[in-house]
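I opened this entry to keep track of what I looked up in the model. The notes follow the order in which I checked things.

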Amino acid sequence: MSNDTLLRILRRHTRAPTEPLNVVGIDDWAWRRNYRYGSIVCDLERRCIVALLPDREMATVEAWLADHPSITVVSRDRGGGDGEATARALPNTMQVADRWHLMENASGAFLDAD
């Protein structure tokens, strides 16, 4: 399998939303590991990728979110600038921790408790 196979699959399944977005998930992903990273935006209601942002800069995420004012919930990790970008672009939007990070943090706390 070539290095570009995953990128071709992601691009094929990435669709511009036809209906207003309400609940999205934002996270980092690697265009090329240890070299170039971007942000991925998923429609969590329809379970599909809606955008592959070219970088993980706060301004890029903020601009993308500002173009989608119908978003009411953003699921994200606790680090990075996605929270601040969301607060700036959509100040009334509810921000929640994504499931993976909730489980990672909960299991870490459980294992650390003696």
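I began with what covers the buried residues of α3, and the list includes β1, α2, β4 (73-76) and β5 (94-97). Helices (H or I, at least four residues) and strands (E, at least two) are DSSP runs, numbered from the N terminus. Contact means heavy atoms within 4.5 Å. Buried is under 20% relative accessible area, exposed over 50%, and partly exposed in between (1.4 Å probe, protein chains only).

I noted the basis of the values before going on. This is a predicted model, in which local features need pLDDT of at least 70 and side-chain atom pairs count only at pLDDT 80 or more, while totals for chains, interfaces and linings use all residues. Residues are numbered from 1 along each chain as its sequence is written, and side-chain values use heavy atoms, with hydrogens and water left out.

Which residues of α3 are buried? I found Asp-82, Gly-83, Ala-85, Thr-86 and Ala-89. They lie on the same side of α3, because they cover an arc of only 165° around the axis; the arc is that of the directions from the helix axis to the C-beta atoms.

**Strand β4**

I then turned to the pairing of β4; two strands pair if DSSP finds at least two bridges between them. β1 and β4 run parallel and are joined by three bridges, with Val-74 in β4 as the bridge partner of Val-24. β4 also pairs with β5 in the parallel sense, over four bridges, and there Val-74 has Gln-95 as its bridge partner.

From β4, Val-73 and Ser-75 point one way and Val-74 and Arg-76 the other, and all are buried. In a regular strand the side chains alternate between the two faces of the sheet.

I logged β4, α3 and β5 as a right-handed β-α-β unit. Right-handed means that, with the strands pointing away from the viewer, the path from the first strand over the helix to the second runs clockwise.

**Nonpolar cores**

I took a nonpolar core as a set of buried Ala, Val, Leu, Ile, Met, Phe, Trp, Tyr and Cys residues joined through side-chain atoms within 4.5 Å. The largest one has 16 residues, and Val-41, Trp-64, Leu-65 and Ile-71 have the most contacts inside it. At least two residues each come from β1 (23-32), β3 (48-53), α2 (58-66) and α3 (82-89). β3 gives the largest share, four residues. A second, separate core has five residues, including Trp-29, Ile-40, Ile-49 and Leu-52.

I also listed the neighbours of Leu-65: leaving out residues up to four places away in sequence, Leu-65 touches Ile-26, Ile-71, Val-74, Ala-85, Thr-86, Ala-89 and Leu-90.

**Cysteines**

How many disulfides are there? With a disulfide taken as a pair of cysteine sulfur atoms within 2.5 Å, I counted zero. The sulfur of Cys-42 is 7.9 Å from the closest cysteine sulfur, in Cys-48, and so is too far for a bond. Cys-42 is partly exposed at 21% relative accessibility, whereas Cys-48 is buried at 16%.

**Positive phi**

Asn-34, not a glycine, has a positive phi of about 65°; Asn-34 sits in the loop between β1 and β2 (36-43) and is exposed, with a relative accessible area of 68%. Arg-47 also has a positive phi, near 55°. Arg-47 is in the loop between β2 and β3 and is exposed at 78%.
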